[in-house]
Amino acid sequence: MADLSLKALSKTHSPVRSRSGDWLLRALERVAVALAVAGMLLLSEAWPPDALRLAGFTVLALVAGLMVRAHLLTLHDDRATRQRSDRLIWATTLLAMLGVQVAHLSLNRQTPMAVEYFFVAPVVAQAMLVAAITRPGLAIVAMSVTVVTLGLSGALANEVLLAAWLSGAVGAHVVNPLKQRSDLLRALGLQTTAQGAIALAMALIAGGGLLGLQAALWSMAAALIATAIFWLGTVLIEKAFGITTDWTLLELGNPDHPLLRELVVRAPGTYAHSVVVGNLAEAAAREIGANPLLVRTMAYYHDIGKTVRPNYFIENQRGENAHDELSPSLSAQVIVSHVRDGVDLAKKAHLPQPIIDAIQEHHGTSLVTYFFHRAVMQGSTTACEEGEQRFRYDGPKPQTKETAVLHLADMVEAASRTLKADEDTRELVDRLIENSRADGQLSESPLTFRDLERIADSFVRTLQAIRHDRVAYPTSMPTSAIVTPHGQ
């Protein structure tokens, strides 16, 4: 019961809509992909191809598509993510098959068999691409589809295809993780060595002496080409499929990014708040299996809208409070507007969609409590649902684990600044998380009650580390206590 999703307990239900049109489009798309795969397998044969062979290859491609879809259902709850991954797999599969088939067409009877090991580069590049953008397991599934279908076409010898599969499996793992340029050099060295060893072993098994050395050299050259294709392809694939890789997140986390530079200059208090929220959220995301790098990057940008009117936010104020001259409802609207301003700035800067989603969702539809109670005290509104609505954020509520963690970390960090030395950090964190859950802010996220326990534990540990006690330094020090250089 502890792992029951909060989303499942939500009292609001989205209306059931007919998706027959979407289903038909997806079915037609899958048939078109299957026909493309079948055509690719028959590329090296005389055209027009035999109708029965074309039909057989199409059926096998459809079966492979269903297998991939079934596998994706076990990995992703989100339908949009499944569709992106499915299209990524088939796009890279078609490109890898095209590369191998074009290379196969360039062969002639006098070409040594060892040269075929050079033509595994597209398959290895596919494995590296899918692994870097998604995960190694999914890359091996994608590569398996490519290798099995190519085996049916007879484009490469079976031992070469087996070497391609083994080399791709290595490539899928050596590219994870790639956080800096030295990681790419490490991956290239490991991939080249492993691919050469695999080709040498396969050639020796086939009974070739000198052939084994030639196969190893051609395969090592293929590793270099595959790495180059992977490095270029990652940028193109990321843009084409709307996928945000760790490399992009690392670039966005650089304080030299124009939006972050503007935040530092115009709203230094907000920037300091965002850094601490990033620390809280990253640690909590790691505890529940969410993406810690994504959450940290989200935290850096979640309040960039405050650069438009920085003096209206308490962390940036020095002296007079700009809200003293405003009505509570107008103050609430100014506070709420930083979300819309942030989305506008993020879109103009072409930030990835997950970052834009984080800006929109990090407050959900929560209440601007301070100004709402101030309005109630002044008699300008009533403590009812209609009165509250004018003091709530526009939403939507957090939809993913990452945005839900960001929502909680943002709230906890702000409240922790008012925490007195003798107050219980655990009590504060538990109360804030429970208030957010009771208000329905987590009802559309996939967080479970067990996740919330782990998040609370993580928040407490991080806050206690940040707010640790220090020894009080004396205001003055006697001359005799000053230590001169070298103890003299």
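**A helical protein and its contacts**

Arg309 has a relative accessible area of 30% and is therefore partly exposed (buried means under 20%, exposed over 50%, partly exposed in between, with a 1.4 Å probe and protein chains only). This is a predicted model, in which local features need pLDDT of at least 70 and side-chain atom pairs count only at pLDDT 80 or more, while totals for chains, interfaces and linings use all residues. Residues are numbered from 1 along each chain as its sequence is written, and side-chain values use heavy atoms, with hydrogens and water left out.

Arg309 forms a salt bridge with Asp341, with the closest N and O atoms 2.7 Å apart (a side-chain nitrogen of Lys or Arg within 4 Å of a carboxyl oxygen of Asp or Glu). The pair links distant parts of the chain: Asp341 is in helix H13 (residues 328–348), and Arg309, 32 residues away, is in the loop between helix H12 (292–301) and H13. Asp341 is buried, because its relative accessibility is 17%.

The structure holds 19 salt bridges. Another joins Arg87 to Glu29, where the closest N and O atoms are 3.1 Å apart. This pair also connects distant parts of the chain, with Arg87 in helix H3 (residues 79–105) and Glu29 in helix H1, 58 residues apart. Both ends are partly exposed: Arg87 has 40% relative accessibility, and Glu29 has 32%.

Arg286 is exposed at 51%, whereas Glu282 is buried at 18%. Arg296 joins Glu282 and Arg286 in a network of salt bridges.

Next come the aromatic rings. Seven aromatic pairs are counted (rings of Phe, Tyr and Trp, the last by its six-membered ring, with centres within 6.5 Å; planes under 30 degrees apart are stacked, over 60 edge-to-face and the rest tilted). Phe230 and Trp247 make an edge-to-face pair, 5.8 Å centre to centre with 65° between the planes. Phe230 lies in helix H8 (residues 210–241) and Trp247 in helix H9 (residues 246–252), 17 residues apart. Phe230 and Trp247 are both buried. Tyr370 and Phe371 are also edge-to-face, because their ring centres are 5.0 Å apart and their planes stand at 85°. Here Tyr370 is exposed at 59%, but Phe371 is buried at 8%. Phe118, Phe119 and Trp218 form one aromatic cluster.

Val145 lies in helix H5 (residues 136–153) and is buried at 5% relative accessibility. Its contacts (heavy atoms within 4.5 Å), leaving aside neighbours within four places in sequence, are Ala64, Met67, Val68, Trp90 and Thr93. Val68 is 77 residues from Val145 along the chain, yet their C-alpha atoms are separated by 8.7 Å. Thr462, in helix H19 (residues 449–466), is buried at 14%. Beyond residues up to four places away, Thr462 touches Asn279, Leu280 and Ala283.

For the whole protein, there are 19 helices and zero strands (DSSP runs numbered from the N terminus: helices are H or I of at least four residues, strands E of at least two). Of its 488 residues, 45% count as buried. Among contacts with a separation of 6 or more, 74% come from residues 24 or more positions apart.
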